[in-house]
Amino acid sequence: MQTLVQDLLAFARVGRGGIDVQPVRINDVLGIAKKNLESAIQESSALIRSEAPPLVMADRSMLVQLFQNLIGNAIKFRGPAQPVIQVTAKKDGKEWIFSVQDNGIGIAPEHADTIFVIFKRLHSHAEYPGSGIGLAICKKIVEHHGGRIWVESRPGQGSNFRFTLPITSTRRAYDHAPENQSGSPACRRQSR
């Protein structure tokens, strides 16, 4: 119950006080996420690779949470083989497209949208522990940065979680953020 409460608080906090946009090196974010997942990585012998990750304008703590959730899921939903997780990024027009690809158990195509809904689980708690909030947090983080997230997967063939982030940080990147009661964007750029 305590884990569920903590996860719900984490979900509620995403983007609540605005996002602290600053230059963020994805290598640094991945390093922190891997350190936070150190015991799971060691226990599973997971191999995590990244190719030339870029510098982006984003909220550092939110990106740590995003990558930590995606990598943690790749480790949790692993198949019988050693987990291999590949993180890549490529420029496409005015956005970066990130990919977190694994060789795990995969997801049936009909569940590709529902997995991002809070509390939607594809497996019982006995099979895979967790609150069913992690991917909903990922979606919320990406959308607060003006991006989108999706998965490409087939059962038994692993999953490729992909998400976009704007290449530059402008107010337009946050135009799609939910509005608070006063009508101003809930996501606002804060300077340090």
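Residues are numbered from 1 along each chain as its sequence is written. The model being predicted, local features need pLDDT of at least 70 and side-chain atom pairs count only at pLDDT 80 or more, while totals for chains, interfaces and linings use all residues.

The chain holds 5 helices and 7 strands, taken as DSSP runs (helices H or I, at least four residues; strands E, at least two) numbered from the N terminus. Their order from the N terminus is α-β-α-α-β-β-α-β-β-α-β-β.

| Property of the chain | Value |
|---|---|
| Buried residues (under 20% relative accessible area, 1.4 Å probe, protein chains only) | 42% of the 192 residues |
| Accessible surface (Shrake-Rupley method, 1.4 Å probe) | about 10600 Å² |
| Part of that surface belonging to carbon and sulfur atoms | 50% |

Leaving aside neighbours within four places in sequence, Phe 163 is in contact (heavy atoms within 4.5 Å) with residues including Leu 66, Phe 67, Leu 70 and Val 142.

The axes (lines fitted to C-alpha atoms over the stretch in contact, with angles from 0 to 180 degrees between N-to-C directions) of H4 (residues 60-76) and H5 (residues 134-144) come within 9 Å and cross at roughly 145 degrees. Among the residues making this contact are Leu 66 and Leu 70 of H4 and Val 142 of H5.

How values were computed:
Side-chain values use heavy atoms; hydrogens and water are left out. Buried means under 20% relative accessible area, exposed over 50%, partly exposed in between (1.4 Å probe, protein chains only).
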